[in-house]
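Biologist: Could you bring up the model, so that we can go through a few pieces of it together?

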Amino acid sequence: MTQHQTIRSSPRSTEPLLSVRDLRVTFQRRDERAFKAVDGVSFDVRPGQTVGLVGESGCGKSVTSLAIMGLLPKRGNTVEGEAVFDGDDLLSLSPSQMRDRRGADIAMIFQDPLSSLNPVITIGRQVTEVMERHQGLSRKEATPKAAELLDRVGIPDPKARLANYPHQLSGGMRQRALIAMALACSPRLLIADEPTTALDVTIQAQILALLKELVVDTGTALVMITHDLGVVAGLCDEVNVLYGGKIVERGGRHGLFRQPRHPYTVGLLDSIPRLDAPRGEKLNPVPGSVADNLPWDSACAFAPRCSHRVDVCTREMPRWDGDDVVGFRCFNPVGGPR
Amino acid sequence: MSDPIDPAVAEDVRRPSYGQRRRDRIDALAQAGAVDDTPGVSLIRGAWLRLRRNPVFLTGAAITVCFVVLAIIAPWIAPWDVTARPLLDEVRPQTNPVPGPQPGHPLGGDDRGRDLLSRLIVGSRQTLIVGVFATLFGLIGGVILGTIAGAIGGAVDSLVMRIVDVMLSIPSLLLAFTVASLARSPSQWTLIVSIAIIQIPIFARLLRGSMLAQRSSDHVLAARSLGVKKRAIVFRHMLPNSIGPVIVQATLSLAVAIIDAAALSFLGLGNPDQRQPEWGQMLGLAQRYISEAPHLAFYPAGCIIVVALGFTLMGESLREALDPKTRR
């Protein structure tokens, strides 16, 4: 494991770099019922590890990442719980302390590479800006480093690209540029929020390969947020499946794919179109939509859409059955109880 | 006897107030410019390609360029000095107060025997100076207020915008008139300041609207996620992306500023010094002879109309070219 060399302050690699405990995010608008977007999420990210957060739209995966980064708007949101990064609870840091951490220790990559770049300044300026901010470099000192970074993320002719504006780059190049910006100050944790969703399939594969390569080379821990189980299968060491703001199943990549326990995970896996399926076979989507959720405190939120439902599902909240490596939250798991 | 609600009255009730209509117009403009689906540079390049073939824009630009060039070279091409009185001998206060056109004086003279054409040509300078400086100061004031409101938000935003709304609810010329009449001795600076003040709320509201759209944009979120400081976010990421509609509005405001300046000057609130002719001032002086010599009013008024038209045509076609909704 060569990653260990780059781990700076953790004495042992098994000690988590980021430890999220009972994270809760509530949206409260005036005169409206509070909405629990994230309802008690806990997970660990160890140095060099890649952790996936998987779920459909509205399950709280993006909100989780924005809450950890301290990027949720202050008004109308309450964030509770802990997100301990390197000994400090990120959620209780002051805004300016958090600003110093963002970009330097933790960075983020977003979904839409075009709208995430500033259209009126050059790529080079956007990459050097981060280094000027966190490493106290002058623009002159930062420019050759920016060219190196662009080279490292696979942008051809990096020196010329520095002078380009975002619209002059292709979609894949833009996402590479965003990755370069995020990696400019060698953060120890990278959060990627659906980094391949806006790209076409061949470019998706290239970007995922690049992320994998960078994670292995630099020892950066990666939190991969996605709705695409294919991405998870290729990249993640550990997978957390979210539903309605709670983690419903967790497991290593192999275990989870080989023997999913929670009916929702099973549904997600079944709904993937397969090339080797016989012609004419219909897809198996999970019935219903997120709008059918029950509140977690008195039932299982997934119960209305669940094919494995038993009576107790609508009366009681299922407890977490397992530990912080594997587990699920279900009364009637696929394959019987543990 | 008829219906309890007279349709005409009901119509009137539904009609938004004066201030509301002005606010809506400004917001629509901010919205149009804030749509961020095309990147900045190609948007401008696309707009230029469309403008180059747009006869309306070309007409407006031609008028504007002629006017600006005229104002710059005015003292050299004016056939007579504006203070000289070559036609003094022709003035007969009782029978012929205003000398008509004659050789060497194609437009004739004014009531003091000065050459009208020369005064018209030189008058373009004052008009341009007042229009440009009033718009410039209004732009600066509006950008400062709009940036404060859009960048800080919250209570500061509410406070600034309520002040702006109050100013917008007062008819602009009336407000300018009030401000101008506070001056001890009127000069062209009175005009500039009072017209700048009525422009400030327009620019402020416009900029604040597009700043707010920028604040929730993806690239600002991305910059925040990299720990970029607030000041850099405001001045490097938000302001350059939201200034577009403000610049377009400035082109349109130039025309309004010129007309308003002429109006105030006509009412005697401008520069009274006749050694510095100005079209609004000339219009005011022409009042006395409006029945005997209507051409004395016609020429400066015509100049004001043509110049204002030039700026408006240019500004409107610029706005249309940059507005994604009207793009073909």
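Modeller: Below we talk through a pair of helices and then a strand.

Modeller: This is a predicted model, where local features need pLDDT of at least 70 and side-chain atom pairs count only at pLDDT 80 or more, while totals for chains, interfaces and linings use all residues. Residues are numbered from 1 along each chain as its sequence is written, chains are lettered from A in the order in which they are written, and side-chain values use heavy atoms, with hydrogens and water left out.

Biologist: At what angle do α12(B) and α13(B) cross?

Modeller: The axes (lines fitted to C-alpha atoms over the stretch in contact, with angles from 0 to 180 degrees between N-to-C directions) of α12(B), residues 279-286, and α13(B), residues 295-322, cross at roughly 150° and come within 8 Å. The two helices, α12(B) and α13(B), are therefore roughly antiparallel, a term for angles over 145 degrees.

Biologist: And which residues of α12(B) meet α13(B)?

Modeller: Trp279(B), Gly280(B), Met282(B), Leu283(B) and Ala286(B) do, and their partners in α13(B) include Leu296(B), Pro300(B) and Ile304(B), with contact meaning heavy atoms within 4.5 Å.

Biologist: Switching to chain A, is β3(A) mostly covered or uncovered?

Modeller: Strand β3(A), residues 50-54, is mostly covered, with five of its five residues buried (under 20% relative accessible area, 1.4 Å probe, protein chains only). Thr50(A), Gly52(A) and Val54(A) point one way, whereas Val51(A) and Leu53(A) point the other way.

Biologist: Which strands does β3(A) pair with?

Modeller: β3(A) pairs (at least two DSSP bridges) in the parallel sense with β8(A) over five bridges and with β9(A) over four bridges. Thr50(A) stands opposite Leu222(A) in β8(A), and Val54(A) stands opposite Val241(A) in β9(A).

Notes. Parallel < 35°, antiparallel > 145°, perpendicular 65-115°, else oblique. Buried < 20%, exposed > 50% of the residue type's maximum accessible area, 1.4 Å probe, protein only.
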